[in-house]
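Trainee: Could you walk me through this one step by step? I would like to start with the fold and then move on to the DNA.

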Number of protein chains: 2
Amino acid sequence: MDALQLIAEPNRRMILRLVWDRELAASEIASNFDVTFGAVSQHLAILREADFVKVRRHGNKRLYRTDIAALGPLAAILEDMWRTTLQSLAITIEVSEDQ
Amino acid sequence: MDALQLIAEPNRRMILRLVWDRELAASEIASNFDVTFGAVSQHLAILREADFVKVRRHGNKRLYRTDIAALGPLAAILEDMWRTTLQSLAITIEVSEDQ
DNA sequence: ATTGTATTTCAATTTGAACTAAAATAGATC
DNA sequence: GATCTATTTTAGTTCAAATTGAAATACAAT
């Protein structure tokens, strides 16, 4: 699958963000979404197949974490997006405080 | 629309590539695709709304050109993709020549 | 070995984005 | 203004990707 299309999907992007700098179990990831556990698991499978996440078994659970290196130049794009999103949020707050 | 989703669509990416460093009329762009003129025009509209292309009227025609600056960091990603695609093509040729 | 929790996988359904075909608009030419 | 070419827009269709719900698998604990 095309790397760009892969990370363009909003839920997959959210998953990458959630496990960007920490490990989370599949269930913990899923609890952040409105869609079913099954749907999240399928997104995880797609991310796994693209090697965009690393998985580690720990007892019952499977711990996921973004493989930032594997994302190559796309990693910077994602970080950039999230940063600018936060910035625009900050601007929104500033503006509303001015009123 | 989300910038990443926008450039993830293969036909839109192809449009951006076609008018990356030259102007082309909508019909000239469309002639490079299997899909109908209407479909290409819709993609152009989406790219226009995102300001990822500049348009200029010239008589009957509308000349399109990628607004590379507007793409920000995504411009580098696209150029990178196309470069590596060419590289892998070159490798393919080499390999087949070896046989 | 059975029960429970965590996760994946599968078949069927839903949904949304891309597409088509046709009508509408825009400007050029006669 | 009628006609031609270029393009956009609209309504309806198609298709792939995302989702659901349920069954299957995996490991842990009793």
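Mentor: Happy to! This is a predicted model, in which local features need pLDDT of at least 70, side-chain atom pairs count only at pLDDT 80 or more, and totals for chains, interfaces and linings use all residues. Residues are numbered from 1 along each chain as its sequence is written, with chains lettered from A and ligands numbered from 1 in the order in which they are written.

Trainee: What is the order of the strands in the open sheet of chain A?

Mentor: Strands here are DSSP runs (E, at least two residues; helices are H or I, at least four), numbered from the N terminus, and two strands pair if DSSP finds at least two bridges between them. Strand 1 (24-25) and strand 2 (53-58) of chain A each pair on one side only, as edge strands. The sheet has 3 strands with antiparallel pairing, and their order is 1-3-2.

Trainee: Which element gives the largest share of the surface near DNA strand D?

Mentor: A residue is near the strand if its C-beta atom, placed from the backbone, lies within 6 Å of it. Of the 22 residues around DNA strand D, those coming nearest include A:Val35 and B:Ser27. The largest share, 6 residues, comes from helix 4 of chain B.

Trainee: What relation do chains A and B have?

Mentor: Superposing by least squares on C-alpha atoms of residues with pLDDT of at least 70 in both copies, a rotation of 178 degrees with 0.1 Å of shift along its axis brings chain B onto chain A (RMSD 0.1 Å). That is the relation of a two-fold axis.
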